[in-house]
Amino acid sequence: MKRISIIIVVMIFCASLLVAQGITGKGIKAGLNIATLTGDDVSDDMESIFRFAIGGFLTYSINEMFAIQPEVYYSMQGAKLEEGDEKTTCKYDYIQVPVLVKVNIPIESSLRPNIFLGPALGINLSAKYKYENAVEVEDDIEDVKTMDLGLVFGAGVNIGPATIDARYNLGLTTTDDSEDEFDVKNSVISIMLGYSF
């Protein structure tokens, strides 16, 4: 119920932005996540997995060079660990809400490059693991925090209404909600394609 309430609040926030004055652009984005887990309590043998992200964005231009870009998207994350014949895959699904400060780089070209930076709030929707050996076991991951805080930074380019960007979401807080609170953070590289309208 708590997660549903949070999602409703985020949706109301985004809807209010749509009718706000000063919105100069909006669009959709989808892309590939290269996700893993990092931290002091994560095995050095942890490997990345390929998953997906999809969502939308709004752009509020302060001037020709600076803009604020809030986004909301569904982000599939996780990692895998292989040891001999054993393989464990962890999959986390989030609603990510980054608020990016975007700097447009002025050049004489139809290409409009930019760089961006900002905090991102992640709302965990599900957390599951799959263990494969002689048998296959799937279950929920217990003790996962509902909220995840990250820092997003990257660069992109606009080509007419199309956009492409590469970004890194650096997890700042542990995802573990157990009494011991192990140090386990999300780490996600994303390649996103978008369209503005």
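Ala, Val, Leu, Ile, Met, Phe, Trp, Tyr, Cys and Pro count as nonpolar, Asp, Glu, Lys and Arg as charged, and the others, Gly among them, as polar. By these classes, the lining of the largest cavity divides into 5 nonpolar, 5 polar and 5 charged residues.

The model is predicted: local features need pLDDT of at least 70 and side-chain atom pairs count only at pLDDT 80 or more, while totals for chains, interfaces and linings use all residues. Residues are numbered from 1 along each chain as its sequence is written, and side-chain values use heavy atoms, with hydrogens and water left out.

A cavity is a set of points, on a 1 Å grid over the protein atoms alone, where a 1.4 Å probe fits but cannot get out; lining residues have an atom within 4 Å of a point. Points are joined across faces, edges and corners, and a volume is the space filled by probe spheres set on them. The structure holds 2 cavities of 30 Å³ or more.

| Cavity | Volume |
|---|---|
| Largest | about 80 Å³ |

Of the 15 residues that line the largest cavity, K29, Q69, K102, N114 and D165 lie nearest its centre. Strands are DSSP runs (E, at least two residues), numbered from the N terminus. Strand 8 (162-171) is among those that each supply at least two residues of this lining, and strand 8 gives the most, with 4 residues.

The lining of the second largest cavity includes N33, Y73, R167 and S190. Strand 3, strand 8 and strand 9 (185-196) each supply at least two residues of that lining, which has 4 nonpolar, 6 polar and 1 charged residues.

Definitions and conventions. 1 Å grid on protein atoms, 1.4 Å probe; cavity = no way out; pocket = protein on both sides within 12 Å on 5 of 7 lines; lining within 4 Å.
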